[in-house]
Amino acid sequence: MGKYSLPAEIRAMRPQHTMVKAISGGYYVYEYACEKCPDGKWRNRMGRCVGKIDLARELVPNAGSLRNEEVSALDFGKWAVALANSKKTLAMLR
């Protein structure tokens, strides 16, 4: 493992479209994207810090949320309950 490489357990917790930086003993998660510039070259763009990786609790997000974050089973369960409770309203809108 090189000086700047991350442990395998940290890499496994990294969400899609993000990059992890080791800073002062902590692992911080940043938004990350490749974009095409007007001159035709591709460049990497790093965005804002979206959270920190804690080995005990995995990803600890900041007050904001991650874009393109995968839906967890808990989030899906909440969504399913909300959808079931709003079927009548959706039918009226359609």
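**Close-up views of the predicted model**

**View 1. Arg-45 has a relative accessible area of 33%, which makes this residue partly exposed.** Here, buried means under 20% relative accessible area, exposed means over 50%, and partly exposed is in between (1.4 Å probe, protein chains only). This is a predicted model, so local features need pLDDT of at least 70 and side-chain atom pairs count only at pLDDT 80 or more, while totals for chains, interfaces and linings use all residues. Residues are numbered from 1 along each chain as its sequence is written, and side-chain values use heavy atoms, with hydrogens and water left out.

**View 2. Arg-45 and Glu-35 form a salt bridge, with their closest N and O atoms 3.1 Å apart.** The pair links distant parts of the chain, ten residues apart, with Arg-45 in strand 3 and Glu-35 in strand 2. A salt bridge is a side-chain nitrogen of Lys or Arg within 4 Å of a carboxyl oxygen of Asp or Glu. Strands (E, at least two residues) and helices (H or I, at least four) are DSSP runs, numbered from the N terminus. Glu-35 is partly exposed too, at 36% relative accessibility.

**View 3. Glu-31 meets Arg-48 in a salt bridge, 3.9 Å from N to O.** Glu-31 belongs to strand 2 (residues 26-36) and Arg-48 to strand 3 (residues 42-54), so this pair ties together parts that are 17 residues apart in sequence. Which partner is buried? Glu-31 is, at 9% relative accessibility, whereas Arg-48 is partly exposed at 40%.

**View 4. Asp-39 and Arg-43 join their side chains in a salt bridge of 3.4 Å, N to O.** Arg-43 is partly exposed, at 39% relative accessibility. How many salt bridges does the structure hold? There are three.

**View 5. Seven residues make up the largest nonpolar core.** They are Leu-6, Ile-10, Met-13, Val-20, Val-29, Val-50 and Ile-53. Such a core is a set of buried Ala, Val, Leu, Ile, Met, Phe, Trp, Tyr and Cys residues joined through side-chain atoms within 4.5 Å. Look at Met-13: leaving aside neighbours within four places in sequence, this residue is in contact (heavy atoms within 4.5 Å) with Ile-53, Asp-54, Leu-55 and Glu-58.

**View 6. Lys-21 sits over the face of Tyr-30, 5.7 Å from the ring centre.** For a charge to count as over a ring, NZ of Lys or CZ of Arg must be within 6 Å of the ring centre and within 35 degrees of the ring normal.
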